[in-house]
Amino acid sequence: MTLIDITAGGFRFTARLEEELAPATCARFLAMQPYDEKLIHVRWSGEGCWIPMGDTPYDLPWENATRHPAPGQFIFYPGGYSETEILLAYGGVAFASKLGPLAGNHFLTIIEGQEQLPALGRKVLWEGAQPISFRPRA
């Protein structure tokens, strides 16, 4: 089991890569490590935060895809109809863009610190973009 340490907006989390359910997406995410970005609040999807990754599509298969990630689940949208992104659900999410409903690959799940997700979501919503960093646990 591959664990990822996450720091976001001053909060710390531990997450598990879903390597059996989304092997290609997890391998691609591991290749991006260490990964530091900004986390912003979603526009259309509900209680979630996202990392915009631009218009370059990633060549990933659809695996473990969902439109409704549970709190603590990260999904990777590889681009196509909307911009490429990673989304974290902190509450109810129906993943969408201005073009309508989307699905993304559920590849990472928070297993420690989940009780902090609502506070992180409120911080991003009311204070704006927050730094987020991902580091594989040694």
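In the predicted model, the largest pocket holds about 200 Å³ of space. Its lining is made up of 15 residues, and among these Arg 43, Trp 44, Trp 50, Ser 82 and Ser 97 lie nearest the centre of the pocket. Two elements, strands β7 (85-93) and β8 (96-97), are those that give two or more residues to this lining. When the lining residues are sorted by class, 8 are nonpolar, 3 are polar and 4 are charged.

With residues up to four places away in sequence left out of account, Leu 17 is in contact with Thr 2, Ile 4, Cys 26, Phe 29, Leu 30, Phe 107 and Leu 108. Trp 50, one of the residues that lie nearest the centre of the largest pocket, is 33 residues from Leu 17 along the chain, and the C-alpha atoms of Leu 17 and Trp 50 are separated by 18 Å.

Cys 26, one of the residues touched by Leu 17, has a relative accessibility of 1% and so counts as buried. Cys 49 likewise has a relative accessible area of 1%, a value under the 20% cut-off, and is therefore classed as buried. A search for disulfides over the whole structure returned 0.

Methods: Residues are numbered from 1 along each chain as its sequence is written. This is a predicted model: local features need pLDDT of at least 70, side-chain atom pairs count only at pLDDT 80 or more; totals for chains, interfaces and linings use all residues. Side-chain values use heavy atoms; hydrogens and water are left out. On a 1 Å grid over the protein atoms alone, a cavity is a set of points where a 1.4 Å probe fits but cannot get out, and a pocket is an open set with protein on both sides within 12 Å along at least five of seven lines; lining residues have an atom within 4 Å of a point. Grid points are joined across faces, edges and corners, and a volume is the space filled by probe spheres set on the points. Helices (H or I, at least four residues) and strands (E, at least two) are DSSP runs, numbered from the N terminus. Ala, Val, Leu, Ile, Met, Phe, Trp, Tyr, Cys and Pro count as nonpolar, Asp, Glu, Lys and Arg as charged, and the others, Gly among them, as polar. A disulfide is a pair of cysteine sulfur atoms within 2.5 Å. Buried means under 20% relative accessible area, exposed over 50%, partly exposed in between (1.4 Å probe, protein chains only). Contact means heavy atoms within 4.5 Å.
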